[in-house]
Amino acid sequence: MKTRNNVQKAVTKTMAVIMSLVLLSITVNAQEFWKNILRNNSFSQIAYAMAEESTDATIYPTEAVVADYTELNSLFVAEAEPSLQVESWMLDVNRFSATTSILTEAEDALELEDWMVNESFFSNTASLLTVDEDATLELEDWMTDEANFKTGALKVENEVESKLEVKDWMTNSLAWKF
């Protein structure tokens, strides 16, 4: 089992190194790829200047790039948002203060309706709520006859325990080491 775990760890580390080398080679090759993509873009002058070292020719835009800027500006439309309206809740100080005021809610008084006092609606549960009275208990003759109940004497014995003995294993320190 231990060998199996070590082999799995070694395979995992090897795969990680291989994946790192593959990703590194892809990124090195991708630099040329992005340069080619950026050269063929409509903003080629700007992108090419960012991808390579800057030279005097790429720092100052040419007339073609200026024309591209004017075309680009025609695509943008200035938008105006409608003006915001102040509403009454925005001016309420209680909504924005650190201490809030607690308003008590006034409730309407409860009203009794006819069905609430009509016993016919509650007849099924009314029988459950009645208290049954038990019959009174009567004392019978056999209850008072002592012959029915044996009243024998209770015998109490005192048990004497033997004196405790100390055995060898109880004092042996090797027996109590864990």
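Trainee: Which residues make the nonpolar surface patch of about 610 Å²?

Mentor: Val 7, Val 11, Met 15, Ile 18, Val 22, Leu 23 and Ile 26 make that patch. This is a predicted model, where local features need pLDDT of at least 70, side-chain atom pairs count only at pLDDT 80 or more, and totals for chains, interfaces and linings use all residues. Residues are numbered from 1 along each chain as its sequence is written, and side-chain values use heavy atoms, without hydrogens and water.

Trainee: Why does Val 7 count as partly exposed?

Mentor: Its relative accessibility is 47%. Buried means under 20%, exposed over 50%, partly exposed in between. Therefore Val 7 is partly exposed. Val 7 sits in helix α1 (residues 2-39); helices are DSSP runs of H or I, at least four residues.

Trainee: Why is Glu 107 called exposed?

Mentor: Its relative accessible area is 72%, so Glu 107 is exposed. Glu 107 lies in the loop between α4 (63-75) and α5 (114-117). Glu 107 also belongs to a negative surface patch, with Glu 105, Asp 108, Glu 111, Glu 113 and Asp 114. Asp and Glu count as negative.

Trainee: How many of the residues count as buried?

Mentor: Of 178, 1%.

Trainee: Where is confidence lowest in the chain?

Mentor: In helix α3 (residues 56-59), at a mean pLDDT of 51 (confidence per residue, from 0 to 100). Where pLDDT is low, the predicted coordinates should not be read in detail.

Key: Patch = residues over 30% accessible without salt bridge, like charges linked within 9 Å, V, L, I, M, F, W, Y side chains within 5 Å. Areas by Shrake-Rupley, 256 points an atom, 1.4 Å probe, with all protein chains shown as cover. Salt bridge = Lys/Arg side-chain N within 4 Å of Asp/Glu carboxyl O. Helix = DSSP H or I, 4+ residues; strand = E, 2+ residues; numbered from the N terminus. Buried < 20%, exposed > 50% of the residue type's maximum accessible area, 1.4 Å probe, protein only. pLDDT = per-residue confidence, 0-100. Charge placed at Lys NZ, Arg CZ, Asp CG, Glu CD.
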